[in-house]
Amino acid sequence: MVLWTFWSVLLLSCVPFHSKSGAQAEITLSRSINRFCHLNVAPLEARFAKKPTGTKVARKAENRDEVSNRFGTEAAATLKPSCSLQVKNKTVSRKETPVKANYSNDLEIPDKKCGNITAERAEATRTPERTFSVRRKRAKRSVGSAYNDNVDRSLSGEAQSPERSVESVQGAPKSRTEYRRSGDEARGSSPRQSEPHLDTSTFALSGDSAHNQAMVHWSGHNSSVILILTKLYDFNLGAATESSLWRSTDYGSTYTKLNDKVGSRTVLSYLYVCPTNKQKIMMLSDPEVESAVLISSDEGASFEKYPINFNVLSLLFHPAQENWILAYSHDNKVYSSMDFGRKWQLVHDNVMPGRFYWAVMGLDRESDVVHIETRIAKGRAQYVKCRAQRCTEGNRQYLFPGHVDTNSLVVQDEYVFTQVTKSGRATYFVSYMREPFKQMQLPKYCLPKDMHIISTDEKQVFAAVQEWNQNNTYSLYISDSPGVYFILSLENLRTSRGPAGNLLVDFYKVEGINGMYFANKLVDNHIKTFITYNKGQTWALLPAPASDVAGNNLHCILPFCSLHLHLEMSETPYASGPITSKKSVPGIIVATGNIGTELSSSNLGMFMTSDAGNSWRQIFDEEYNVWFLDNGGALLAVLHAPTPIRHLWISLDEGKKWDRHSFSLAPLFVDGVLMEPESDNHIITFFGHFSHRSEWQLIKIDYMGLFSRRCMDGDYQTWHLHNKGELCVMGEKQIYMKRRPGNRCMLAQDYSRLYSSEPCLCTAYDFECDYGWERQADGKCSPAFWFNPNGAAKSCSSSQSFLNSTGYRKVLSNNCKERGWNVFSPKRVACRPRAPQGLRLSTSSGELSATVGSNVTFMIYLTHGDSPSTSIQLDFGDGIKITYSNLSRTDDGIKHIYRMTGIYRVTASADNSQGSDSSTLFLHITSPVERIYLSVPIVAVRGKAANLTVVVWPSHTRTLTFFWWFDNSSEPIITLEGSISHMFHKEGTNKVTVQVACGSTVMQDSKVITVKEFFRSLLLSFSPALDEHNPDIPEWREDIGRVVRTALSQVSGVPEDQLLVSLYPGLPTTAELFVLPDEQTSNEHKKRSEEALDTISDIFATALNQGLIQFELKTNVRIIVYMTQQTLAPLVDANSIHSGSAMLMLLSVVIVGLAAFFIYKFKRKIPWIHVETEDPHEKDPEVISTVGQNDGMSKVKLSEFPSQKELMEKELEGRNRGGFGRNMERIVTREFPNCTNV
């Protein structure tokens, strides 16, 4: 007892995925804690289980070798009602295997509160390729399986992640003596009776007592080869430091050490087995020592070593091609090998863990197709389909229009699932038979917060949905074949969370009986077990046994008292788990449970039914692991206890009588049991240890001696499947054959269990309510308040009639025979002309924005109307329209490319002879903002409005939002235009900041404005040499302005703090000089101060006109500053200065005007003047300088004066071409107005 508390079990389950994925992972399982786990379901965050009938307990006998395991680094899923393995964000699935899906915060998508789809694949199966992995840590030992398929080692127990710790069913909450019996033994089944002989042999793996991990693989299918990999794992280093490989060729009687064959210095870390050819084995060396794969094609008799250049995290074997493998690396890349690991080729990078799938045979055209989910941004991914060896960009297909949520892609059987979350609500999509994706439709006001796919068996989807008003429970929904329309089957399923935060749902599918399920439901705060025989159409409580194991009457009467079962699958492949059923023994179910008003974890016993749940009996009053032997003809029971044992129990009469047998001379701590029930070898292997310091002990048991001969025809009897006396179950009467209880004969492996099957006439019992209809108290289906049964049929677009639902739909896989006229079957109705109603227009991605030049796909949906005769017109809003003769032509969407930014009004119209309907959306077409420039006056007048403009490159139309911040304002002014007029009321410096928002991009620019009561300004120009050295950047302009201001101050004696010089962007180089009033001047002397500014302006005008303002740019490069002669539109209000120069300029203009008039009137009379007058608009009028200090100064045309905003745009355009400099057109001359006065 004391020693056992140190032991733990390491699970390496081999769960078959639909693609028979193979892998391995190790998880520590504590034997001393609660043994129960639940149907592990993960949010479709999503994940889905491959054939995860989150329901099955037993594995298909014929598919036992196809067990495979697949783990993902972020989430794991087991869709079986069993002790679910919890591997975060990973999905494992197995056909015909109860599957559990478990997820963490992904698809949640785990922490997501909005709907997430979780598709999960069974993470652990009961008989995973006969392989186990065993681990001992200090005094602990654990057992697990080698994987035949995909495994994610990042979740292995080696990492000791607390999230991956799973409870072991090997332990029990209380200690028990092994010899305590109940049931038949108490009623006279004496252990002293003559026992049939069991042949046993024991082999110890000598020299490996220090090894604390082991992985065991038995090929099965009558193969005598068993491989065991033992390792010494250093938990401090996080790596294996030693390993040994053992091989047996005689069903485990003896073992040979193979270290010399693989390399004495090679440290092996993982063992993989090809699911389609068990003779092919792949082992990985520890990457800390060397990165290589060792390959064997003869069940480990010989190995070849091949180096690899990446670290394998998981493998996925092809479901049909034994040499094709996908490998997932630690850096999120997927590689493919077509020669069983000898050569590898990169398929894709940025792949989400566990979101890669081989083609499904019969559905994908090419068998080497790979389905991949690739991450493109945080929370966003793409669904990519390509060939494994040709996955270049040009060969990739993007089958889902738009982005999907990360960890949401699941390819399983006929279905592909994914989800898209927008505005906090998830939308779920499904593709059936590789057709275009359709939105999954739940009842209108279900409003799911979360969704998990439980099963996709038999071309139907079972989903656990948490509705808006549920907290700790989920509801079971069942779909039609395409997986689109769902109806409610059972409310308030019991759920819980596993150690890793994954969802566990109590739901179980019975193997071998079509349409039979168990579920645990919350009823008035009590958990009760329910059963259905018609695939969830009706549910009922389980009847309790009439007496307990000791023969005492129980007096448990329905509905006040009933039998309740724990519906978990075993989380380990070496234990049977709390509930067991098997396809090869239909109708026999063994489960752990209790009798009373609700499900309990105390006072547990073992219960069994031989007639598919109609009647039950108690076989033990303690917990046992129970397996089926001899093709299901015998039962093996091993006490589920934390103490060492040396006895097992076998029953040949369906649990009515149990015989005790010794399998070991000394009590053994049993770490696992390996068997091949479907083979003819009748071999069982127990492995464990006598103490925590002993070597691994392997005990081979041959139970052939239990049988005296093979069964003959007279050894069988028949039994009728029924539901409380009703012989028609799922539409047919079925008679099964089984061995007569007590006959000690061996069952033939291929004998038929089903003796006969006869279809029944259909009744209401064979139909469920159709989508939009609800079951009433009288059992009839009526339309829900939100559903219009007279709406247009879904199929009326392709023919002149359609099948109109009567409110019922036949239960899928129900085989009842319909009469000539059936009130429940849909009726064919002629399509009546209807006016279009409910026209909806959307983009395929659901987004209302797109970038310029991108391909936008519009989707059009019509709820009601005569589709074949309804024409569709789509106006894209940019002057282009397109018309379709009917709606069916728009099924794949309508694509359009916008070439300019803007907000477009897109309108869809539907018209027919009965009427019309329309739908509109506003689409924002944007392009990324590269840079912005805030243009403001450097000086503004207090109390007068100043114009502020921001120039954006590239230019946008109505798609930007502008946020204006002034001084220390706490709230911005928001505009949709890039300009604003603002009045400053306080003198001094004011900072203006503008932010330009374009989608998720925000850019910012700031400027400082000096506000004064009044000021004077002069426009300046410079020597042409300055243009040759103008890089046209803000820093250069600031430095030149500072130099010019210093030069002006030195010449005039005016303090620099009264001067501001601002250079304009672009060429030729121009600037504006601002003369500010003295800050010391009081308001009383305002008039005198204005006069002083006029005087200073005159002084500067004179100095500038005389070329007195100069500065040295560099050696031998001197720049002269001039005053320009013509003004641009003033930035502020201006008043004329009555100076002599101004009067002289006015007089010059008058004289020039008179001269021009004289020449025009008398040009024909002046012989030496020749004037061309053919085109009066050929030349623009010119303004003649009146100052004339430099006769070489160029003249400016009035039509060439640009606005301030045009200057800014020219600046940005020049930068975009590589700078303004000399590449920019000379749009301004140096002749600017001589002054602006305020």
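In α2, L1048, V1051 and S1052 meet I1099, F1100, A1103 and L1104 of α3; contact means heavy atoms within 4.5 Å. By class, the contact of α2 with α3 has six nonpolar residues, one polar and no charged ones. Ala, Val, Leu, Ile, Met, Phe, Trp, Tyr, Cys and Pro count as nonpolar, Asp, Glu, Lys and Arg as charged, and the others, Gly among them, as polar.

This is a predicted model: local features need pLDDT of at least 70, side-chain atom pairs count only at pLDDT 80 or more, and totals for chains, interfaces and linings use all residues. Residues are numbered from 1 along each chain as its sequence is written, and side-chain values use heavy atoms, with hydrogens and water left out.

The axes of α2 (residues 1034-1052) and α3 (residues 1086-1105) come within 11 Å and cross at roughly 105 degrees. That makes α2 roughly perpendicular to α3 (65 to 115 degrees). Axes are lines fitted to C-alpha atoms, for helices over the stretch in contact, and angles run from 0 to 180 degrees between N-to-C directions. Helices (H or I, at least four residues) and strands (E, at least two) are DSSP runs, numbered from the N terminus.

| Cis bond | Omega |
|---|---|
| L558 and P559 | about 0 degrees |
| L1067 and P1068 | about -5 degrees |

P559 lies in the loop between β37 (540-541) and β38 (562-565). P1068 sits in the loop between β79 (1059-1063) and β80 (1070-1075).

F340 is not a glycine, yet has a positive phi of about 55 degrees. At 1% relative accessibility, F340 is buried (under 20% relative accessible area, 1.4 Å probe, protein chains only).

How values were computed
Angles under 35 degrees count as roughly parallel, over 145 as roughly antiparallel, 65 to 115 as roughly perpendicular and the rest as oblique. Buried means under 20% relative accessible area, exposed over 50%, partly exposed in between (1.4 Å probe, protein chains only).
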